Structure formats: structure tokens, C-alpha cells
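Let's go through this model together, asking at each step what a label rests on. Have the sequence and the structure open as you read.

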Amino acid sequence: MVLPSLLFLAFIVVQRLSELVIAKRNTARLLARGAYEVGASHYPVMVAMHSAWVLCLIVFGLGQSVHLGWLAIFAVLQVLRVWILTSLGGRWTTRIIILDEPLVARGPFKYVSHPNYMLVVAEIFVAPMVLGLFWVAVLFTVLNAAMLWVRIGVEHKALAPMRAG
């Protein structure tokens, strides 16, 4: 049956597009407050990778059976996503934006330093598994690991002065 996979895929597309709108708005507000971006050169590669992931989900997942166990895990991840986004508030963005203010230390940031990256790692694996797309889960987990290796390195370097002081 196509409807369950269509609904799941529609949720992912709407979620990702709305997050891009929120991120763009938050980025503009942060830059207006004197923040600056680092790592802009790898951002288009990251966007391309995430776009390819969504495209693979749509092309290969539409019409596939929805696996309820994986869907339950995905639902839990969405609760964590809301917690992360609300904890960051107006500082959440898809770019690395450096603001000369103390780092967020509430919500999940009180317990781990990169909860959003951890969430994305899990989602990139779990969402394809909802549709039984193991190869998509593995392929994009590897690609995302390479992207995060670059991204977290850039972010740590840019935030080092704030952590030291």
C-alpha cells in the first residue's frame, strides 16, 4: 500500500523544508546581531547530501511497507528533535553561526555537546529503515560521518575561544 509510505515521506519533506525556513530566519537574525558564519564552503555539500538522502527515500521508499518498530524509534527521535530545537530557540540554524555569547547549556546541551548531530546521525539511519531501505541507511550514514568529521572540526575550532574563556 502506498499511503503509509507517502504519509511518512510527506512528513519528512514538510519537516525538512520548514526547518530550512526556520534556519534561514534564525541565521538572518543572528547575523544582524553581529554573529558570523564559519564553514560556509562545506555547506552546499551538506545540503546536496541531505537532499540526495531525501530524494533516495522518495524514489526508493514510496510504496514500500512501513516497519512499525522503526517508525516508533523515528517518533521518539522527533520528540528529541523538538527538545533540541526549543532548547536552542533562535540560535538553531543549519549553518555554523558564531555569536559572541555563552553557548547554550540547557536542555540536551546540558548532557551532551552535539545533540543535534547525534539526532541527525540516528535519523539518517532510522528513516530509511522505516521503509526497509537498509542500503540507503548505510550509504548515507557513511556519507554523513564524513560530513560531520569536517563540520564538527570546523565548529570546534571556531568555538574554542568561547570554551576556553
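Q: Which residue just after α4 takes a positive phi?
A: That is G132, with a phi of about 75°. Before going on, a word on the source: this is a predicted model, where local features need pLDDT of at least 70, side-chain atom pairs count only at pLDDT 80 or more, and totals for chains, interfaces and linings use all residues. Residues are numbered from 1 along each chain as its sequence is written, and side-chain values use heavy atoms, with hydrogens and water left out.

Q: What makes α4 a helix, and where does N116 sit?
A: Helices here are DSSP runs of H or I with at least four residues, while strands are runs of E with at least two, and both are numbered from the N terminus. α4 covers residues 115-130 and has 16 residues. N116 lies within α4.

Q: How do you know what span to expect of α4?
A: The expected span is 1.5 Å times one less than the number of residues. For α4 that comes to 22 Å, and the helix reaches 22 Å from its first C-alpha to its last.

Q: Where does α4 bend, and what is the angle taken between?
A: The bend is at E123 and is about 25°. The angle is taken between axes fitted to the seven residues ending there and the seven starting there.

Q: Why is N116 called buried?
A: Buried means under 20% relative accessible area, exposed means over 50%, and partly exposed is in between (1.4 Å probe, protein chains only). N116 has 17% relative accessibility, so N116 counts as buried.

Q: What makes α4 "mostly covered"?
A: In α4, 12 of the 16 residues are buried. Among them are P115, Y117, L119 and V130.

Q: Which residues is N116 in contact with, leaving aside its neighbours within four places in sequence?
A: They are I84, L85 and W92. Contact means heavy atoms within 4.5 Å.

Q: Why does T27 count as buried?
A: T27 has 9% relative accessibility, so the buried label applies. T27 is placed in helix α1, residues 2-32. Apart from neighbours within four places in sequence, T27 is in contact with T93, R95 and I97.

Q: Why is the pair E123 and R16 called a salt bridge?
A: The term asks for a side-chain nitrogen of Lys or Arg within 4 Å of a carboxyl oxygen of Asp or Glu. The closest N and O atoms of E123 and R16 are 3.1 Å apart, so the pair qualifies. E123 lies in helix α4 and R16 in helix α1, so the pair ties together parts that are 107 residues apart in sequence. Both E123 and R16 are buried.

Q: What other partner does E123 meet in a salt bridge?
A: The side chain of R81 meets E123 at 2.2 Å, N to O. R81 belongs to helix α3 (residues 68-88), and the two residues are 42 residues apart. Salt bridges also link R16, E19, R81 and E123 in a network. The structure holds six salt bridges.

Q: How do you know that E101 and R91 form a salt bridge?
A: Their N to O distance is 3.9 Å, so the pair meets the cut-off. E101 counts as partly exposed at 31% relative accessibility, and R91 is partly exposed with 22%.

Q: Why is the aromatic pair F60 and W135 called edge-to-face?
A: Rings of Phe, Tyr and Trp (its six-membered ring) pair if their centres lie within 6.5 Å; planes under 30 degrees apart count as stacked, over 60 as edge-to-face and the rest as tilted. F60 and W135 are 5.0 Å centre to centre with 75° between the planes, so the label is edge-to-face. F60 lies in helix α2 (residues 43-61) and W135 in helix α5 (residues 134-164), so the pair ties together parts that are 75 residues apart in sequence.

Q: Which rings are linked into a cluster by ring pairs?
A: They are F8, F11 and F74. A search of the whole structure finds five aromatic pairs.
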